Amino acid sequence: MNTKKTDRLSNPTRRTIVKGLAASPLVLALGANKLGAQELSQMSSNTQSSNSEFVNGVSDSQIVLGTSAAFTGPSRGLGIELYRGAMAYFQDVNSKGGVHGREITLKLYDDGYQPDPAVNNTTKLMRDDKVFALFGYVGTPTVTRVLPLLKKFQDENFLLFFPFTGAQPQRQLPYGPFAFNLRASYRQETGGLVENFVKVGREKVGVFYQADAYGRSGWAGCREALAKHNLKMVGEATYTRGTQYTASLKDQVEWFMRDKPDAIVCIGAYAACAAFLRDAVDGGLQIPIANLSFVGSENLLKLITDDDEIEHAEQYSQFLVNSQVVPSYNDLSLEGVQLYDEFMTKNAPSAPSEVTSDDEEYKTFDRSFVSLEGFLNAKLMTEILTRLGPEPTREGVEEAVFSIQDLDLGIGETVSFNEDRRQGLDRVYYTIVENGSFVPLRDWDSASNSWTEAASS
Amino acid sequence: MMKITRLFQWTIFGIIGLFGVIGFTNAVVTITAIDQDLTREARENSQDIAKAIADGNVDILLNNDLSTLQSRIDQMLSLLGSNGYIYITDENDEIIAHTFVPHIPEQISTGEITGDIIERTLKGKGDFIEVSHPILAGVGGNVHIGVDQGDVSLMIQGAMGNQVWPLAITFLVAIVLGILLVNLAARPIQQLLHYAVALAKKESVDEPHNEKLLERKDEAGDLARLYQYFALVADPNRSGIDAK
């Protein structure tokens, strides 16, 4: 551990991040055990002198963004991977001197994917830490509750950038003007999934969802998409946020068995969705089970394939179809994905030990859809900060964002923003599992046939 | 063990009975009042919550922002106890947001939704009081709030416990005090009895407690002096009697 922290300090990019966090008593307390007295003294005094020069999250050498996300609990994989992806890019920017001479620092707080801590963390970020902007939040129930704070402090021009949620509240009035999104919305994801299921004759679509704002957002998207075909949902069941993989979801499966849907769309996080997939296939509900991008595909796949009690992991994964809002991280023909691949190897970002729990083991993924999204978020954020010029102010942020027109992030899609368009990307990608990893789903008819065959065999 | 004088046994039983009747009547009246008050309060709270949701989220409903609506009802759910529920129906009585896990109970998804206040039994969940409040006079749908009658009963039992314990303790203290007071009243009669027996057996009565008895100004003292008189009349030569 000692070595780890010393290494961190010897790396100039990491040091910047630690420096930004060093003011927190937790970090100082942890650091006191692990660092030499001289190193700690130097780090604190640097931070204090830097802090005294901060104006709205900007100093001569740093620009501080605030993040509240799930770094602990059953959905911690989402927060950790999103952070790692972003850091892969920011570390590279910082190692080259930052943006207009300022290194990008993230001030992190853990909310465990719970709304109340998210609100408290955001208040701290706005009032105490006075960060430049909010960046990389995770989850609908958390972000939905945070949005009114942005309105409350609108005079201070705080904006939320690229939250890891496709819900509507930050895409429409009254809170839409306080956020910018990169990813496609849940409406687009659920709409696409339903559209494709209906096209292949699977018109009886059921919805399994988290009993909260996130689940409701996806549920509403499915309902809307079905209504376009004069169809209604065939069965719906819910689960409580925070449900672990070890939980039994047989009640929900039995409920669906009554209605006999042709396909199920899950609006949930990986632990519960993996448990549902397991219980559904075991219970004879052998139909395609789709998940949205938020699920954390790799985490889900890991759960259903790593379980020692599962003899044939593929029997679960063969029914899995996940929508994504970024292209496959294996598609190295895309320049942006290539860069992501290179930076993830070169910078090898680790989980943020300052906010994760030692009691919860977490093994990071070399590559994942979530970290790729974090990477693209960071790339676009860096572009915005660059466009803000050498004297960045919160007041100038919107103008800088709106100056982005047809920006190529290297994923085959361009990004544009204006007053009426505060979401960068619209494309939804579909993936299935082959040979233990997610691959693009290109032919829905063929996939539907294989689901039918798998069920009959 | 506290001994009850035979003379006052029925008096004691009467006092206990009287206290019992008073305590029981008091408890029944209090419990009935608590039951009615808390049941009414639970209904009124539910109606207030339903009204707050219905009136405070009209814009959200009109914008069809169901995730924010869900977030609002999730926040309210904690006010309804461990097993309460909230669901919102649109103008076509279709449920557009709810808090049920693992699914919407069949009685609700298939049943007709009628009345401002109804009582329901949901399979596997219990008995509920369900109140409704219209959104935009009903054209925007309705908010429905379910409060578990088990939770209300527990609350009532808790309040009753708070009332019954003091009553029971008062009852017991009153009985003990009653017995003590009766025994206190019976003590001169017991002394008188012992004095009379001693006179009859011609035993020595020259004792300090007998002196005190003979000096009493009440009926016990009068009777003691009368027995003394009879004893002297019967045996004028009897010694050890200081005639009063």
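**Exercise 1.** State how many residue pairs are in polar contact across the interface of domain 1 of chain A and domain 2 of chain A.

*Solution.* A polar contact is a pair of N or O atoms within 3.5 Å; within protein, one must be able to donate a hydrogen and the other to accept it, and residues adjacent in sequence count only if both atoms are side-chain atoms. On the domain 1 side, the elements giving two or more residues are α5 (76-95), α7 (140-152) and α15 (369-387) of chain A; helices are DSSP runs (H or I, at least four residues), numbered from the N terminus.

This is a predicted model, in which local features need pLDDT of at least 70, side-chain atom pairs count only at pLDDT 80 or more, and totals for chains, interfaces and linings use all residues. Residues are numbered from 1 along each chain as its sequence is written, chains are lettered from A, and side-chain values use heavy atoms, without hydrogens and water.

**Exercise 2.** Give the area buried between the domains and name the three leading contributors from domain 1.

*Solution.* Buried area is the accessible area (1.4 Å probe) that two parts lose on being put together, summed over both. The value is about 2,100 Å², with 57% from carbon and sulfur atoms. A:Pro74, A:Phe365 and A:Phe369 supply 29% of the area that domain 1 buries against domain 2, more than any other three residues.
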